[in-house]
Amino acid sequence: MSKPRKSYYFWIAGKVLYGLLALGIFLMVVYLLWRIYFSDNIPKELEGLSPNAVLADTYETYGDDMRLQTQEHINITRNEHNYGYFAVPQFVFIPEANQVQVLLRYNNSTLKATAKDFGLSEVPLRGEIVYDVSLLQIKDLTPEDLSDNKDGSDTLGEQRIKPAAHTIKTTKLYTFILYTFDNVTVTDDTLVIYLDVYYGGAVDYEAKTYGTLRLYHNESEWLDVKLEKSDKKALQAYKEQGE
């Protein structure tokens with residue numbers, strides 16, 4: 001019996017390598033799809049509005065005329081020092097209630113990066129409040145003169161607004177936090193509103209933020225958000241429980 005030719009061995013090796021390559025590509029695609037699915041998979045408890053007394057009273061007054069608005073925005077940090085660290089998959093302004101609700105998301109690797117960036121001995125725990133989150137509202141103090149609106153100008157006024165409440169949930173990959181900000185009024189002299197993120201162990205509002213995402217700009221279009229039946233039910237239930 002003749003021995004197998006070397007070309008036959010090469011053919012077998014090629015088939016094996018091809019199969020391993022195909023398997024590797026398949027597993028990579030599955031992994032990417034899995035990550036994409038989880039990145040969009042907001043916990044059910046955080047999908048809608050978070051009721052509080054201010055919002056429940058506003059809904060009782062305005063009913064279905066209570067407006068919910070948002071704007072198009074860059075929803076993930078993209079600077080060199082925080083690329084992909086923080087995202088805002090959704091937010092809503094409720095003008096009749098002077099309220100803003102913002103959903104913040106970050107992944108497990110952000111916590112690891114925070115430990116490295118700030119020289120921590122341990123990675124911060126998931127499911128806990130690790131970051132100081134606030135709104136920074138910038139107003140034009142001289143609205144009659146638009147030419148003087150420059151960074152650092154004394155014609156701009158700043159107001160920092162802390163959250164009134166939050167709800168936190170985690171998945172295998174992500175931490176989601178729904179923040180409620182009260183006493184947020186957007187007027188004609190409001191230029192921009194940012195969501196600022198600082199590491200909670202080193203908060204310095206005069207220093208560069210750890211992450212910033214713009215929520216409102218006076219030249220951007222308002223987009224209406226539907227008040228869902230589940231939101232109405234939750235607001236009514238909250239009101240009834242408080243009575």
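I call a residue buried under 20% relative accessible area, exposed over 50% and partly exposed in between, with a 1.4 Å probe and protein chains only. This is a predicted model, in which local features need pLDDT of at least 70, side-chain atom pairs count only at pLDDT 80 or more, and totals for chains, interfaces and linings use all residues. Residues are numbered from 1 along each chain as its sequence is written, and side-chain values use heavy atoms, with hydrogens and water left out.

Entry one, helix H1. I looked up Leu 17, which is found in helix H1 (residues 6-40); helices (H or I, at least four residues) and strands (E, at least two) are DSSP runs, numbered from the N terminus. Leu 17 counts as exposed because its relative accessibility is 58%.

I found Leu 55, Ala 56, Thr 58 and Tyr 59 buried in helix H2 (residues 53-62). Seen down the axis of H2, its buried residues fall within an arc of 160 degrees (taken from the directions from the helix axis to the C-beta atoms), so they line one face of the helix. On the other side of H2 I noted Glu 60 and Thr 61 as exposed, and just after H2, Gly 63 takes a positive phi of about 60 degrees.
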